[in-house]
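Reader: I've got the model open on my screen. Can you walk me through a few spots in it?

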Amino acid sequence: MTIPAPRSIRLDALAYGGDYNPDQWSEDVWAEDVRLMVEAGVNIVTLPVFSWPLLEPEPGRWDFAGLDRIIDLLWANGIAVDLATATATPPAWLVREHPEVLPWNADGVRLEFGSRQSYCPSSPIYRRAALRLTRALAERYGEHPALALWHVSNEYGDHVARCWCPESARHFRRWLEARYGDIAGLNAAWGTSCWGQNYLSFDQIEPPRTATGPINPAQVVDFERFSSDALLELFRAEVDVLREVTPEIAVTTNFMSLFRELDYWDFADAEDLVTDDAYPDPADPIAHVGAALNYGLMRSLKDGRPWLLLEQAPSAVSWRDVNVPKAPGQMRLGSLQAVAHGSDGVMFFQWRQAKFGPEKFHSAMLGHRGERSRSFQETKTLGAELKLLEPVRGTRVRSSVALVADWDAWWGVTQTESMPSQRLNWLTEARAWHAAAFALGQPVDVARAAGPFGDHRVVLVPNLYAATAEQAEALGAFVAAGGHVVVGPFSGVVDHREQIHDGGAPGPLRDLLGVEVDEWWPLPDGGHRTVELGGVVHPTRVWGEWIEAAEDAKVLARFADGDLAGLPALTRRSHGAGAAWYLAAGLGDEGMRAVLSAVFAEAGVATREPDTALEIVTRTDGGTDFTFVLNHGRDARTAPRIPGGTDLLTGSDAGAGLPLGAFGVAVIQHPTTERQA
């Protein structure tokens, strides 16, 4: 069906609330919950994410009485509902009647019921049952005034992102036949003449289960694509039902930040509102840096439109080896960081802390001590502050830098076998490049490899292992128009069939970059290699390459020692009004900052002295700017002076600079200035 223009959440304020599981509590607790929600400023809750067994206790028999009562109680107190389709886990009766819906692992072992997501995404039995429930909920609650947003399933791919069962195998074969047309086309694409893997029919193909040795990488990557598409197909099936029955209500499913298993560009295309579950580790002093990249992706998935932080922990989680609580002020700071990066609200998992089950030690807005808990006191304070930030709602983040995220490249480069090095990881590289931009003071959007790149001045491509002519053309057009592209190592290696480009890397990027890769020289564990840039020697990590630069490509840095000594490590080639840069080495923090400092200076993008604790992000509506200044450190800071600005949180004049204590935040409203580089 045709997907209409994205709808908005039906809520006239910044969203504030969290997951609510009233079915874990007796009904005499509900009234107390709602009273405290109102006291805390909660205006929306998510339910009933895992209630399928209660809503359909037997096949085809519905029991909505409890859900009716809690939705009515919430709405009577002014609290809207993000209504989940409750399809995240099938009930026991479905699994026992049809054990074939359970997923298999790569060893051919069927996974048991007893946790979450105990279903094969390709199972027609599961799909029919899930769509029946989705339709029943839509028809019952589609016109309820409390309904603000549809929440399909929950965290797709969190526990089961890949299934190797016979049903998945059949689905995989159908997917391959649609992709390649005939078996000859598949054999050519997969290069099955290697190791005698030629197929005579699609019926001979199985998912890449555990085998005697390395599996054909083309088969592995196609299975990654298929698996993401299988879950997307499942998601779209529910979305279609909801749009048929309730065409005016926005639809979402909660993402999990930069998540390898699912191509979120495709998922975002199928929904109205991007939502994210974010769990940065409070024990990691730079977790906020990675969070900023995750949020850059979330706002970029819908071309800069506001998104929604749908889950975070008020304090400790329950699933790390060591679950450290958030220090006083960290919950507020992390929440406002998400708002700074474009979230039109702050939500949590969950409202009331559980008494039983795997998440009983996971923190909640209302802790085990009830309203005396620290988490509830901080929840109330944050709820009051969010009301002061209402002018920010609907505005967009301003950024001059974008980072390319491409799932085909990610899946390809992180194969575990038959690669030059298993130490090169797309996510690690993306985070390292982003961390350098963060330290230099630049918030970063995320872009597809084929664009569009909007009005960004710099596009960072940490790795584009699998590259196409279309992507190269888009990057070239951006540079020709005056942009700067920086491409990292091991890019343009293969096409989307997992076959090496003619002439070798960087394949279709060769003319743009003006370099050719002769050999890859990954750094062995414990090895040492350096690069000299601008008179400073920087250590490398993980990777190096033997490259040759064209005459019109300027060599800006060279390897300083070892077998690559004297060879180019960083090049720059003018192209039209802009320039394309190629980095042939993995660099540490200081090296990456040095490279990006040079690029930003030439592109007219402002930088600062490197600082990973202070973050400055501006949201704007074109006439008014809202500059968030966030102190992620424990030492006191001073916010930049902004004449004519006022801190929305305190009402203080920002002209002289505002003091920021540990984990302090200022949100300064001021007239729009010249676009900050």
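Author: Phe172, Leu176 and Tyr180 in α6 touch Gly185, Leu186, Ala189 and Trp190 in α7, contact meaning heavy atoms within 4.5 Å. Helices here are DSSP runs (H or I, at least four residues) and strands are E runs of at least two, numbered from the N terminus. One reminder: this is a predicted model, where local features need pLDDT of at least 70 and side-chain atom pairs count only at pLDDT 80 or more, while totals for chains, interfaces and linings use all residues. Residues are numbered from 1 along each chain as its sequence is written, and side-chain values use heavy atoms, leaving out hydrogens and water.

Reader: How many nonpolar, polar and charged residues does the contact of α6 with α7 have?

Author: Ala, Val, Leu, Ile, Met, Phe, Trp, Tyr, Cys and Pro count as nonpolar, Asp, Glu, Lys and Arg as charged, and the others, Gly among them, as polar. On the α7 side, the residues are Gly185, Leu186, Ala189 and Trp190. By class, the contact comes to 6 nonpolar, 1 polar and no charged residues.

Reader: At what angle do the axes of α6 and α7 cross?

Author: Axes are lines fitted to C-alpha atoms, for helices over the stretch in contact, with angles from 0 to 180 degrees between N-to-C directions. Those of α6 (residues 166-180) and α7 (residues 183-190) come within 8 Å and cross at roughly 90 degrees. Since 65 to 115 degrees counts as roughly perpendicular, that makes the pair roughly perpendicular.

Reader: What is the largest C-alpha distance among the "binding site" cysteines?

Author: UniProt, in an unreviewed entry, lists Cys120, Cys163 and Cys165 under "binding site"; such annotations may be inferred rather than shown by experiment. Cys163 sits in the loop between β4 (147-151) and α6.

Reader: Which residue does Pro48 follow through a cis peptide bond?

Author: Pro48 is in the loop between β2 (44-47) and α2 (52-55). The cis bond has omega of about -5 degrees, and the partner is Leu47.

Terms used. Parallel < 35°, antiparallel > 145°, perpendicular 65-115°, else oblique.
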